[in-house]
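Subject: Structure handover

Hello,

Here is the structure you asked to look over, with notes on what turned up in it. Please open the model alongside the text.

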Amino acid sequence: MPAATLTIPVTVKTPAHAALVKDFVVAAAGASDVVVDATAGKATLRYEFPGDIDPLMRRLYERGLANSATLAVLVSVRANAGSAANPSNLIATLNNSASVTNASYDGKTVAATIAAAGEAMRYLYDEIVAAGLTPI
């Protein structure tokens, strides 16, 4: 299954908060390579894409550890063989949606800020595939 790099803004006021965030993220199905940066207030991880981020976000919100309804996503992609990939339409479509902002594509990676919900991850995945790209 493809993976994406996620950056989740978190509220980390004590070392105990940082440990709790890390515990929650490490325990999330599909999560790996977890780093919690207390100073920057973020958790960065690899996550199965599109995956279901809802259980993790719910746990963070319940404990007051998530401080944003959005997260940053980086997805490595490749053009499908024989497909006329259309990344400019992809970026326009993503940036015109209600659940995605700041979408960009550099020829290898789709980056975006999305709503911190499984539907937004699925939407992003579906639009990438519809544009003739494959998440890797």
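The crossing of α1 and α2 is right-handed. This and everything below refers to a predicted model. Helix α1 covers residues 15–27, and its axis comes within 9 Å of that of α2, at a crossing angle of roughly 160 degrees. An angle over 145 degrees counts as roughly antiparallel, and α1 and α2 are therefore roughly antiparallel to each other. On the α1 side the residues that meet α2 are Val 21, Phe 24 and Val 25; their counterparts in α2 are Leu 56, Arg 59 and Leu 60.

Leu 60 turns up again in the largest nonpolar core, which has 41 residues. Leu 60 is among the members that touch the most others, together with Leu 6, Leu 71, Val 73, Ile 114, Leu 124 and Ile 128. As background, nonpolar side chains tend to be buried together in soluble globular proteins. Leaving aside neighbours within four places in sequence, Leu 71 is in contact with Leu 6, Thr 7, Ile 8 and Pro 9, with Ile 53 and Met 57, and with Ala 112, Thr 113, Ile 114 and Ala 116.

Next, the strands. β1 (residues 3–9) runs antiparallel to β3, and seven bridges join the two. Within that pairing, Thr 5 stands opposite Arg 46, and Thr 7 has Thr 44 as its bridge partner. β1 also pairs with β4 (residues 70–79), again in the antiparallel sense, over four bridges. There Thr 7 stands opposite Ala 72.

β3 is also paired with β2, antiparallel and over five bridges; Val 36 stands opposite Ala 43 in this pairing. The hairpin of β2 and β3 has four residues between the strands, and Gly 41 in this hairpin takes a positive phi near 70 degrees.

Which residues of β3 lie on its covered face, and which on its uncovered one? Ala 43, Leu 45 and Tyr 47 make up the covered face, while Lys 42, Thr 44, Arg 46 and Glu 48 make up the uncovered one. In a regular strand the side chains alternate between the two faces of the sheet.

Some backbone geometry is worth checking by eye. Most residues other than glycine have a negative phi, and most peptide bonds are trans. Asp 33, in strand β2 (residues 31–37), has a positive phi near 50 degrees. Asn 102, in strand β5 (residues 100–105), has a positive phi of about 55 degrees.

The peptide bond between Phe 49 and Pro 50 is cis, with omega about 15 degrees. Pro 50 lies in the loop between β3 (42–48) and α2 (54–62).

Last, Thr 109. This residue lies in strand β6 (residues 109–115) and counts as buried because its relative accessibility is 18%, where buried means under 20%. Apart from neighbours within four places in sequence, Thr 109 is in contact with Leu 74, Val 75, Ser 76, Val 77 and Ser 104.

Regards

Technical notes
Residues are numbered from 1 along each chain as its sequence is written. This is a predicted model: local features need pLDDT of at least 70, side-chain atom pairs count only at pLDDT 80 or more; totals for chains, interfaces and linings use all residues. Side-chain values use heavy atoms; hydrogens and water are left out. A nonpolar core is a set of buried Ala, Val, Leu, Ile, Met, Phe, Trp, Tyr and Cys residues joined through side-chain atoms within 4.5 Å. Buried means under 20% relative accessible area, exposed over 50%, partly exposed in between (1.4 Å probe, protein chains only). Contact means heavy atoms within 4.5 Å. Two strands pair if DSSP finds at least two bridges between them. Axes are lines fitted to C-alpha atoms, for helices over the stretch in contact, and angles run from 0 to 180 degrees between N-to-C directions. Angles under 35 degrees count as roughly parallel, over 145 as roughly antiparallel, 65 to 115 as roughly perpendicular and the rest as oblique. A crossing is left-handed if the near helix is turned anticlockwise from the far one by less than a right angle, and right-handed if clockwise.
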